[in-house]
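Welcome! Take a moment to look over the protein shown here, and then we will walk through it piece by piece.

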Amino acid sequence: ILCINAVAVLHEERFLSKIGWGVDQSVGGFGDEPGIKVQLMNLIRSVRTVMRVPLIGVNSVCIVLLLLFG
């Protein structure tokens with residue numbers, strides 16, 4: 001849960017572009033294998049898009065359980 005939260009809060013313009021992982025304007029050719037950097041950026045964008053709503057529920061359940069059972 002902590003790792004998914006960490007990926008979900010990364011801001012592309014504030015943090016990722018400063019380390020050179022911002023939106024890449026170069027488009028590879030057809031059939032070219034994307035590099036590891038491109039694959040990691042796609043993974044980060046996918047996690048931020050898909051896991052936003054389920055992560056709210058999972059975090060809420062974890063908070064309630066921690067409040068009840070310490």
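## A lysine to start with

Is K37 buried, partly exposed or exposed? K37 is partly exposed, because its relative accessible area is 40% (buried means under 20% relative accessible area, exposed over 50%, and partly exposed in between, with a 1.4 Å probe and protein chains only). You can find K37 in helix 3, which covers residues 36-50. Helices here are DSSP runs of H or I with at least four residues, strands are runs of E with at least two, and both are numbered from the N terminus.

Before going on, please note that this is a predicted model, where local features need pLDDT of at least 70, side-chain atom pairs count only at pLDDT 80 or more, and totals for chains, interfaces and linings use all residues. Residues are numbered from 1 along each chain as its sequence is written, and side-chain values use heavy atoms, with hydrogens and water left out.

## The overall picture

The protein has four helices and zero strands. Read from the N terminus, its elements follow the order α-α-α-α. Of its 70 residues, 13% count as buried.

The protein exposes about 5800 Å², and carbon and sulfur atoms supply 69% of that area (accessible areas come from the Shrake-Rupley method with a 1.4 Å probe, and for residues only the protein chains shown count as cover).

## Where K37 meets W21

Let's return to the lysine. Setting aside neighbours within four places in sequence, K37 is in contact with G20 and W21, where contact means heavy atoms within 4.5 Å. K37 and G20 are 17 residues apart along the chain, and their C-alpha atoms are separated by 9.8 Å.

W21 sits in the loop between helix 2 (12-16) and helix 3. At 26% relative accessibility, W21 counts as partly exposed. With neighbours within four places again left aside, W21 is in contact with L16, K37, L40 and M41. From C-alpha to C-alpha, W21 and L40 are 9.3 Å apart, while 19 residues separate them in sequence.

In the whole protein, among contacts between residues at least 6 apart in sequence, 65% join residues at least 24 apart.

## The annotated span and a nonpolar patch

An unreviewed UniProt entry places the feature "transmembrane region" at residues 49-69. UniProt positions are given in the numbering used here, feature names are shortened, and annotations may be inferred rather than shown by experiment. In the model, residues 49-69 are 95% helix and 0% strand, and the end C-alpha atoms of this span lie 31 Å apart.

V61 belongs to helix 4 (residues 52-69), and V61 is partly exposed at 48% relative accessibility. Together, V61, V64, L65, L68 and F69 make a nonpolar surface patch of about 540 Å². Patches are made of residues with over 30% relative accessible area and no salt bridge; like charges are joined within 9 Å, and nonpolar side chains (Val, Leu, Ile, Met, Phe, Trp, Tyr) within 5 Å. A salt bridge is a side-chain nitrogen of Lys or Arg within 4 Å of a carboxyl oxygen of Asp or Glu.
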